[in-house]
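Reader: Hi, I am new to this one and would like to go through it slowly. Could you put it up, so that I can ask as we go?
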Amino acid sequence: MDTEVAIIGGGPSGLLLSQLLNRAGVATVVLERASRAHVLSRIRAGVLEAGTMALLQEAGVAERMMREGHPHAGCYLTDDDLMVRINFEELTGKSVMVYGQTEVTADLYAAQEAMGATVIHGVQDVVIDGADTPAPAVEYTLNGERKRLTCAYVAGCDGFHGVSRKTIPAAKRQEFERVYPFGWLGVLSRTRPAHEELIYASSGHGFALASMRNENLSRYYVQVPLTDKVEAWSDQRFWDKLRACLPGDVAAAMETGPSIEKSIAPLRSFVSEPLRWGRLFLVGDAAHIVPPTGAKGLNLAASDVFYLYQALISAVKSGDTAGIDGYSARALTRIWKAMRFSWQMTTMLHQFDGEDSFAGQMRKATLKHLSQSETARRDLAENYIGLPY
Ligand code: FAD
Ligand code: DHB
């Protein structure tokens with residue numbers, strides 16, 4: 001056998017799984033289609049739950065996050081000028097960390113390199129062979145040459161568009177999906193953040209999110225129709241839209257400047273069940289997608305890794321398969337709860353095209369209720385900081 005666990009995809013889930021397995025003495029090979037520079041150029045998640053932080057610590061990759069990350073004890077939900085603070089620390093005793101996915105991934109690459117782990121970039125035409133047999137293998141093309149990697153287990157960490165999920169026969173899995181009729185236009189700019197905490201803004205002009213990476217780097221999103229193209233959004237148009245969505249005081253004081261990244265992401269909720277077929281396990285976005293409104297995608301990928309890495313160590317080291325047998329059900333319980341929260345946050349904060357006049361009133365009443373009920377705020381805080389593993 002060439003390796004114990006073949007990992008398809010070198011995004012955050014694949015790298016974190018590889019790191020945790022390598023540290024426990026389980027051999028892995030990570031096969032990534034893109035170059036390292038390309039993976040690191042994708043600006044995505046910004047908020048880490050306490051559980052994700054703990055797992056990064058366990059993996060030995062938390063040092064820079066603890067030094068350079070920004071702990072956040074709360075966030076705001078706003079409805080025009082009504083600002084509701086959700087005080088995570090007071091309501092749950094926990095906080096979250098603002099530290100970009102790009103940085104997490106860079107730290108994981110550095111740690112894997114320091115450990116001498118095998119991460120192969122530029123692989124093409126990956127095919128998983130015999131996942132439902134005792135001797136699976138992964139075939140791929142590298143520099144024009146076809147290769148075959150034999151292994152005991154395959155981890156499908158290759159995101160929503162990867163090959164792993166599609167390898168499971170349609171008759172053996174079930175998909176659940178909701179596609180939202182809008183996307184998020186995201187902008188990164190070297191400007192002072194609009195506020196020291198994140199603002200999730202509902203407004204008569206649609207949804208916006210004011211986030212950040214550090215004191216001089218802001219990350220903003222506004223809701224846009226799915227048909228919009230990035231080219232149609234000049235910086236000026238973006239800032240005007242964002243200002244219209246944010247509370248008046250915040251908008252008036254907001255610093256603007258040239259964008260350094262601008263992209264549109266569609267919003268969807270998606271789950272494929274189960275997460276296992278024979279010796280193949282799905283992890284992270286390969287198995288599920290949440291709309292980004294609750295900051296759950298990367299954090300769910302991390303909890304999948306948490307459940308799977310211990311299970312794989314037991315299976316590889318002592319032949320104990322109880323963990324891998326229970327992986328799918330265990331992970332899915334948490335996944336569905338995060339699905340519910342992300343769907344609820346999305347519905348609560350976005351304008352839906354063609355909605356009736358009742359919908360806007362329901363959003364307003366929900367925000368008003370949050371502003372007046374500690375019970376409602378605690379429920380939101382408990383979900384936002386991350387449900388227990
Ligand atoms: P991916 O990051 O998609 O990694 C998969 C990897 O597999 C990629 O590197 C890809 O190149 C590789 N690959 C694909 N196909 C193949 C193949 N056939 N062969 C080999 N390699 C392959 N989540 C949060 O928790 N908090 C947030 O604040 C947040 N904000 C977000 C904002 C935006 C705009 C977006 C788009 C997402 C956000 N997310 C957030 C979600 C988060 O980014 C994802 O959930 C996370 O990237 C999932 O990691 P992954 O490793 O499972 O998948
Ligand atoms: C960010 C993205 C999110 O989806 C979110 O809910 C919070 C923060 C970000 O990119 O900073």
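Reader: Thanks. How many residues of domain 1 are in contact with how many of domain 2?

Author: In this predicted model, 16 residues of domain 1 are in contact with 16 residues of domain 2, where contact means that two C-beta atoms, placed from the backbone, lie within 7 Å. On the side of domain 1 that touches domain 2, the elements giving two or more residues are β4 (70-72), β7 (96-98) and α11 (322-349); helices here are DSSP runs of H or I with at least four residues, and strands are runs of E with at least two, numbered from the N terminus.

Reader: And how do the residues on that side of domain 1 divide by class?

Author: They divide into 7 nonpolar, 6 polar and 3 charged, with Ala, Val, Leu, Ile, Met, Phe, Trp, Tyr, Cys and Pro counted as nonpolar, Asp, Glu, Lys and Arg as charged, and the others, Gly among them, as polar.

Reader: Where do the two domains run, by the domain assignment?

Author: The assignment, which is automatic or from a database, gives domain 1 as 2-72 + 96-178 + 268-347 and domain 2 as 180-266 + 352-385. Taken over C-alpha atoms, their centres are separated by 29 Å.

Reader: How are the residues and chains labelled, and what pLDDT do local features need?

Author: Residues are numbered from 1 along each chain as its sequence is written, while chains are lettered from A and ligands numbered from 1 in the order in which they are written. Because the model is predicted, local features need pLDDT of at least 70 and side-chain atom pairs count only at pLDDT 80 or more, whereas totals for chains, interfaces and linings use all residues.

Reader: What is the mean pLDDT of the protein, then?

Author: The mean is 97, and 100% of the residues reach 70 or more; pLDDT is the predictor's confidence in each residue, from 0 to 100. The model also scores ipTM 0.95 and pTM 0.97.

Reader: Switching to the ligands, which residues are closest to ligand 1?

Author: The closest are Gly9, Gly11, Gly159, Gly284 and Gly297, out of 37 residues that surround ligand 1, each with its C-beta atom, placed from the backbone, within 6 Å of the ligand. The largest share of that shell, 4 residues, comes from α10.

Reader: Why is ligand 1 said to lie between the domains?

Author: Domain 1 and domain 2 both give residues to the shell around ligand 1, so ligand 1 lies between them.

Reader: What about helix α1, how many of its residues are buried?

Author: In α1, 11 of the 12 residues are buried, meaning that 20 or more other C-beta atoms lie within 10 Å of a residue's own, with exposed being 12 or fewer and partly exposed in between, and C-beta atoms placed from the backbone. What covers those buried residues includes β1 (5-8), β2 (28-32) and α10 (297-318).

Reader: Is α10 itself enclosed or open, and why?

Author: α10 is largely enclosed by the rest of the structure, because 17 of its 22 residues are buried. Just after α10, Gly319 takes a positive phi of about 70°.

Reader: And Arg67, buried or exposed?

Author: Arg67, which lies in helix α4 (residues 63-68), counts as exposed because it has 7 C-beta neighbours inside 10 Å.
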